Amino acid sequence: MAQELKPDPFFFSRSVSLGKFNLFSLAILFATFSVTIFLRIKLGSDLQYSPVPWYYPWILAVPQLLLLGPVFLFSCLGYKGMKSLFSTPATQGWVSALILTVFLSVSAVLGYSVVIFKLGITYLMPPQISKDILGEGIFVLANLFAITIWVPFVEEIFFRGLLLSVWVAYYGEFKSIFLVSLIFMLVHSHPGLYVPVFISSLLLSFLFIKTGTIWAPFLSHAIQNLLVVVVAASA
């Protein structure tokens, strides 16, 4: 008998099989990824994030609206509802855990970059972000919002708040964290980002499970993106 998620009171109180949940959620993710790639090519950028014209970040963040579809549709399925995900972290030391996650993620990027540089494998180096990524005028605010608020929020809601919180109940914590991180890694499309992004996703997933709220991984993700922007703009 197919495994089923708990009935969703906002979706006609009908049960949804785990297989259908996976198929629908991953189909939406694939559609979002495909639209983003199409826009990247159409706008003249390559698939490797370099160099990205100043007006691209907020445009490329728009397709992520699609990810909110399954989030709202399945918001009350599984063992956690949206209300609990947005609750204040009750775990003591969650701020310290958040800071540690940022530190370890940044350390992973630096350590990985040094190793790849020493090995001379240039195509596996993390991409260089354009110094002008934020652009000028009003686009600075739009791009900054897209990179440090919108993208981290939507990605954390989808990958941790939806996929991970549902999968943990059926696959267990470690398998679910691995699967979510693997998918999160693949949608970043640049081979130089695979290892750092995978490690960061592992850390964000553990942080989510430890705190039981989306705010901790969201803030960690947002800080990491902000650091990338600051380093790029300062280069």
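**Helix packing, a surface patch and a salt bridge**

L110 is found in helix α5, where helices are DSSP runs of H or I with at least four residues, numbered from the N terminus. The model is predicted, so local features need pLDDT of at least 70 and side-chain atom pairs count only at pLDDT 80 or more, while totals for chains, interfaces and linings use all residues. Residues are numbered from 1 along each chain as its sequence is written, and side-chain values use heavy atoms, without hydrogens and water.

Together with V106, I223 and L227, L110 forms a nonpolar surface patch with about 310 Å² of accessible area (Shrake-Rupley method, 1.4 Å probe). Patch residues have over 30% relative accessible area and no salt bridge, and nonpolar side chains are joined within 5 Å. Helices α5 (94-119) and α9 (215-234) each contribute at least two residues of this patch.

Turning to helix packing, α6 (residues 138-171) packs with α7 (residues 173-186) at an angle of about 145°, the axes lying 8 Å apart. Axes here are lines fitted to C-alpha atoms over the stretch in contact, and angles run from 0 to 180 degrees between N-to-C directions. Contacts (heavy atoms within 4.5 Å) include W167 and Y171 of α6 and I183 and F184 of α7. The contact residues comprise 11 nonpolar, one polar and four charged.

One salt bridge is found in the whole structure, defined as a side-chain nitrogen of Lys or Arg within 4 Å of a carboxyl oxygen of Asp or Glu. R160 pairs with E156, with the closest N and O atoms 2.8 Å apart. Because R160 and E156 are four residues apart in helix α6, about one helical turn separates them.

Definitions and conventions. Nonpolar A, V, L, I, M, F, W, Y, C, P; charged D, E, K, R; others polar. Patch = residues over 30% accessible without salt bridge, like charges linked within 9 Å, V, L, I, M, F, W, Y side chains within 5 Å.
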